[in-house]
Amino acid sequence: MKCVILQPSYIPWRGYFHQIQKADIFVFYDDVQFDRRGWRNRNQIKTPHGLQWLTIPVYSKRHQIEQTPINNIHICWDTPWNKKHWSTIQNAYGKAPYFKQYRDRIQSWYAQKPELLSDFVIDITLSLAEILGLNNKTFLRSSSLSVDGTKTDRLLAILAKVGATHYISGPSARDYIEEQKFREAGITLEYMEYHYPDYPQLYLPYTPFVSILDLLMMVGDDAPRYIWHTS
């Protein structure tokens with residue numbers, strides 16, 4: 001049983017969905033500390049004026065935001081940021097070949113007003129996974145598993161809880177994963193390698209590290225060929 005454990009992110013890039021594709025069980029790691037400079041509440045799209053951040057304003061009710069688990073981060077609704085994000089996406093991709101195919105679904109995301117960041121970004125990720133044909137996976141939240149521990153020990157506890165025998169990790173985790181503990185637990189370990197073909201983009205220069213929205217707008221249903229069907 002292959003498993004990925006990954007923090008929820010806002011409209012992630014294609015590598016995130018490649019990890020979903022490789023997994024039998026995908027665990028949203030939603031009860032670890034929020035990272036203000038990470039991808040939990042922001043991502044980039046391409047526009048005629050270059051890369052642009054889409055950032056969801058957030059706050060914590062009880063503690064400093066950096067000390068708060070992701071699943072306790074609240075969305076700030078003091079400003080209509082959702083309307084701005086949708087308007088920015090329309091302006092950036094209105095002339096893209098497949099904008100009309102996804103327009104209604106994307107607009108529906110921004111018609112919501114959820115209280116918690118994790119609910120909003122996980123729902124969007126599940127919607128995108130369905131578009132990519134990945135709705136046959138098992139999706140869980142780590143906060144629902146009642147697992148203790150820190151770092152590698154906690155990862156192993158989650159893997160044991162879900163019955164996983166193979167763990168798929170992002171490459172940057174090599175710096176902190178204690179591989180010996182995986183061997184002792186009898187769980188095989190695989191690191192992702194991201195080697196993806198270029199695809200046409202509306203605006204130069206070519207930039208691969210943007211939200212998957214860019215890929216979908218440009219190639220539509222052919223998107224998987226640019227992620228995991230890379231022959």
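Predicted model: local features only at pLDDT ≥ 70, side-chain atom pairs only at ≥ 80, totals over all residues.

Student: How do the strands β1 and β2 pair, and over how many bridges?

Tutor: In general, strands of a sheet pair through backbone hydrogen bonds, either parallel or antiparallel. Here β1 and β2 pair in the parallel sense, over 4 bridges.

Student: In what order do the strands of the sheet lie?

Tutor: The open sheet is formed by 5 strands in the order β7-β2-β1-β8-β9, with parallel pairing. Each of β7 and β9 (188-191) has a single partner strand, so these two stand at the edges and one side of each is left without a neighbour in the sheet. From one strand to the next, the twist averages 25 degrees.

Student: Which strands of the sheet does α1 touch?

Tutor: Helix α1 packs on the sheet and touches β1, β2, β7, β8 and β9. The direction of α1 makes about 150 degrees with that of β1. Helix α5 (residues 151-162) also packs on the sheet, touching β1, β2, β7 and β8, and its direction makes about 135 degrees with that of β1.

Student: Is helix α1 mostly covered or mostly exposed?

Tutor: Helix α1 (residues 14-22) is mostly covered, since 7 of its 9 residues are buried. Among them are Arg14, Tyr16 and His18. The elements covering the buried residues of α1 include α4 (117-131) and α7 (212-219).

Student: How many aromatic pairs does the structure hold, and how is such a pair read?

Tutor: A pair of aromatic rings is described by the distance of the centres and the angle of the planes. The structure holds 19 aromatic pairs. In one of these, the rings of tyrosine 10 and phenylalanine 120 have centres 6.3 Å apart and planes at 35 degrees, so the pair is tilted. Tyrosine 10 lies in the loop between β1 and α1, and phenylalanine 120 in helix α4, so the pair ties together parts that are 110 residues apart in sequence.

Student: Are tyrosine 10 and phenylalanine 120 buried or exposed?

Tutor: Tyrosine 10 is buried, with a relative accessible area of 0%, and phenylalanine 120 counts as buried at 1% relative accessibility. Tyr10 and Phe120 also belong to a cluster linked by ring pairs, together with Trp77, Trp81, Trp109 and Tyr110.

Student: Where does arginine 42 lie?

Tutor: Arginine 42 lies over the face of tryptophan 53, at 4.1 Å from the ring centre.

Notes: Residues numbered from 1 in each chain as written. Heavy atoms only, no water. Buried < 20%, exposed > 50% of the residue type's maximum accessible area, 1.4 Å probe, protein only. Contact = heavy atoms within 4.5 Å. Phe/Tyr/Trp six-rings, centres within 6.5 Å; stacked < 30°, edge-to-face > 60°. Lys NZ or Arg CZ within 6 Å of the ring centre and 35° of its normal. Pairing = 2+ DSSP bridges. Axes fitted to C-alpha atoms, helices over the stretch in contact; angles between N-to-C directions.
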